[in-house]
Each structure stands twice: as C-alpha cells, then as structure tokens.
Amino acid sequence: MPRTFKQLMFNDRTHPQDKERQALFCIIESNNYLYNKRNHIYDFKENWINTECLNNKNIDFCTSSKALIRLGFNLYNGYKDEYILPRDILYCLDEDNYNLAIFGADIRFGMDYEN
C-alpha cells in the first residue's frame with residue numbers, strides 16, 4: 001500500500017476490513033488534487049464524509065474531481081444526488097481518473113488494495 005493510503009487509514013483508525021472507507025481513501029490518495037484537499041472531503045476527527053464540499057464555493061473542485069468525490073461517497077455509504085448516475089460520473093473523467101474510478105469500485109466490491 002502506498003504510504004499516503006496507509007496514512008489515511010491510520011488517521012481515520014479504519015478497520016482493515018472496511019472496504020467502504022478503503023474505496024473512498026483509494027480514490028482520494030490516488031488523485032493528487034483530491035489528496036491535497038482531503039480534509040475538505042473527509043473529516044478525520046469525526047470519521048465522516050463532508051458532502052458540503054461539493055457545493056462549497058470556497059473549495060474549487062473541477063467537474064472530474066467532483067465526479068470522483070461523488071463516486072467515493074457513493075462507495076462509502078450509498079450517497080446519492082442528482083449527479084450520481086454512472087453516465088454523469090464516468091463521462092467527464094480522463095483515462096487516468098476513469099481507471100481510478102473502476103479501481104475504487106473493485107476495492108469496494110472485493111479486491112484487496114495492496115499496491
């Protein structure tokens with residue numbers, strides 16, 4: 001596991017079998033932009049997602065970043081909004097972020113994240 005992923009897991013005190021958080025943290029740590037804004041996306045003290053980050057005008061997330069955040073939130077707890085359809089999420093992603101989205105889903109539904 002990359003050091004940053006381990007750090008997110010440690011900061012959250014995530015159980016090793018918690019696939020929901022692993023999927024979210026994989027998406028956050030694998031995208032430098034999201035990783036740099038991780039504390040706006042997830043509250044590590046309260047151990048919960050910050051859905052308000054998607055509408056906060058003071059935090060500048062581009063369309064693809066918002067799509068990845070929405071996917072991470074959905075994989076984490078089933079979060080839904082008007083943009084959560086697969087076509088809305090996958091349509092705006094470049095190849096790297098598309099692969100990241102698929103990888104996050106793989107983790108959530110059974111794959112172990114060891115690299």
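**Salt bridges and their surroundings**

A: Start with D88, which is partly exposed because its relative accessible area is 28%, between the cut-offs of 20% for buried and 50% for exposed. The model is a predicted one. D88 has a salt-bridge partner, R87. Their side chains meet with N and O 3.8 Å apart. R87 counts as exposed, because its relative accessibility reaches 60%.

Let us go through some others.

Take R70 and D81. They form a salt bridge too, with the closest N and O atoms 2.6 Å apart. The pair links distant parts of the chain. R70 sits in helix 5, while D81 lies in the loop between helix 5 and helix 6. The two are 11 residues apart. Are R70 and D81 buried or exposed? Both are buried.

Now turn to E20 and R108. Their side chains meet in a salt bridge of 3.4 Å, N to O. E20 belongs to helix 2 and R108 to helix 7, so this pair ties together parts that lie 88 residues apart in sequence. E20 is partly exposed because its relative accessible area is 27%. R108 is also partly exposed, with a value of 24%.

E20 leads us to G78. The two residues are 58 apart in sequence, but their C-alpha atoms are 9.5 Å apart in space. Where is G78? G78 is in the loop between helix 5, residues 63-77, and helix 6. D81 lies in the loop between helix 5 and helix 6 as well. G78 counts as partly exposed because its relative accessibility is 34%.

G78 in turn touches F73. Leaving out residues up to four places away in sequence, F73 has other contacts, including L24, I41, C53 and Y79. F73 is a member of the largest nonpolar core, which has 33 residues. Which members touch the most others? They are L24, F25, I41, C53, I69 and F73. Helices 1, 2, 3, 5 and 7 each supply at least two residues of this core. Helix 5 gives the largest share, seven residues. As a general point, nonpolar side chains in soluble globular proteins tend to be buried together.

Next comes a network. D12, D18 and R21 are linked by salt bridges. T14 touches this group. Its side chain makes a polar contact of 2.5 Å with the side chain of D12. T14 also touches R21, along with M9 and F25, when residues up to four places away in sequence are not counted. F25 is one of the core residues named above. T14 lies in the loop between helix 1, residues 3-12, and helix 2, residues 19-30. T14 is buried because its relative accessible area is 12%, under the 20% cut-off.

Is R13 buried or exposed? R13 is exposed, because its relative accessible area is 59%. R13 also has a positive phi of about 60°, although it is not a glycine. Most residues other than glycine have a negative phi. N47 is another non-glycine with a positive phi of about 60°. N47 sits in the loop between strand 1 and strand 2.

Finally, go back to helix 5 and helix 6. S64 lies in helix 5, as R70 does. S64 is buried because its relative accessible area is 16%. Beyond its neighbours within four places in sequence, S64 is in contact with C92, L93 and N97. L90 is in helix 6, residues 86-90. L90 is partly exposed because its relative accessible area is 30%. Together with Y98 and I102, L90 forms a nonpolar patch on the surface. The three share about 230 Å² of accessible area.

Terms used: Residues numbered from 1 in each chain as written. Predicted model: local features only at pLDDT ≥ 70, side-chain atom pairs only at ≥ 80, totals over all residues. Heavy atoms only, no water. Patch = residues over 30% accessible without salt bridge, like charges linked within 9 Å, V, L, I, M, F, W, Y side chains within 5 Å. Areas by Shrake-Rupley, 256 points an atom, 1.4 Å probe, with all protein chains shown as cover. Salt bridge = Lys/Arg side-chain N within 4 Å of Asp/Glu carboxyl O. Helix = DSSP H or I, 4+ residues; strand = E, 2+ residues; numbered from the N terminus. Buried < 20%, exposed > 50% of the residue type's maximum accessible area, 1.4 Å probe, protein only. Polar contact = N/O pair within 3.5 Å; in protein donor to acceptor, adjacent residues only side chain to side chain. Contact = heavy atoms within 4.5 Å. Core = buried A, V, L, I, M, F, W, Y, C linked by side-chain atoms within 4.5 Å.
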